[in-house]
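The sequence and model come first.

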Amino acid sequence: MFADLPPFAAWRFVDAVDGFEVMYAEPGRLRGHTSAVEDGEAYAVTYEITLDDRWRTRRVQVSSDTVAGTRTTVLVSDGDGRWTVEGHPAPHLDGLVDVDLEASACTNTLPIHRLRLPADEVVTASAVYVQALDLTVRRLDQTYRRLDDHRFDYTSEGDFRAVLTYDDAGLVLDYPGIAVRFA
């Protein structure tokens, strides 16, 4: 259904966040960097996401560098929805198979690849959410509805809704109010 991921992609953040993200893709692995300023606070985030052959997140390492210093967290999944955070069981994340990084536009590609959504069907794709500044890990409830081959109606908690536009490889081109792809 999707073309191969390009070796890299980059996004500019728009509106609430001023910054950019660069992601490098390899089979089974996405790694990237984000630098941004949000509400007057600067941060730089690096990430590495390991995926299995069914696009389920298996391991995530995220580091955040702020004026307070650098923090790193590691999340590991069995692929069936059981997680550990820093080696400790995280039952509040049970049932989740995707990760969504606040500092990344690219993580919205994971459920799109994994689910192979039929047209016009709404699918719940809640994810493990990692916040950029403090690396808080929590559940993020979200849904996707495929409008056509390149557009998905996306909702998440707090009444956020946007129509996300993807390229042929399933990477976000336009995430209204959040990010726009420029490479």
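The second largest pocket has a volume of about 290 Å³. It is lined by 19 residues, with Leu5, Glu26, Pro27, Gly28 and Trp55 closest to its centre. The elements that give two or more residues to this lining are β2 (17-26) and β3 (29-38). A pocket here is an open set of points on a 1 Å grid over the protein atoms alone, where a 1.4 Å probe fits, with protein on both sides within 12 Å along at least five of seven lines; lining residues have an atom within 4 Å of a point. Volume is the space filled by probe spheres set on the points, which are joined across faces, edges and corners.

This is a predicted model: local features need pLDDT of at least 70, side-chain atom pairs count only at pLDDT 80 or more, and totals for chains, interfaces and linings use all residues. Residues are numbered from 1 along each chain as its sequence is written, and side-chain values use heavy atoms, without hydrogens and water.

In the largest pocket, Leu101, Glu102, Tyr129, Tyr175 and Ile178 lie nearest the centre. Strands β9 and β14 (151-156) each give two or more residues to its lining; strands are DSSP runs of E, at least two residues, numbered from the N terminus.

| Pocket | Volume | Lining residues |
|---|---|---|
| Largest | about 380 Å³ | 20 residues |

Two strands pair if DSSP finds at least two bridges between them. Four bridges join β11 (residues 127-130) to β12, and the two run antiparallel.
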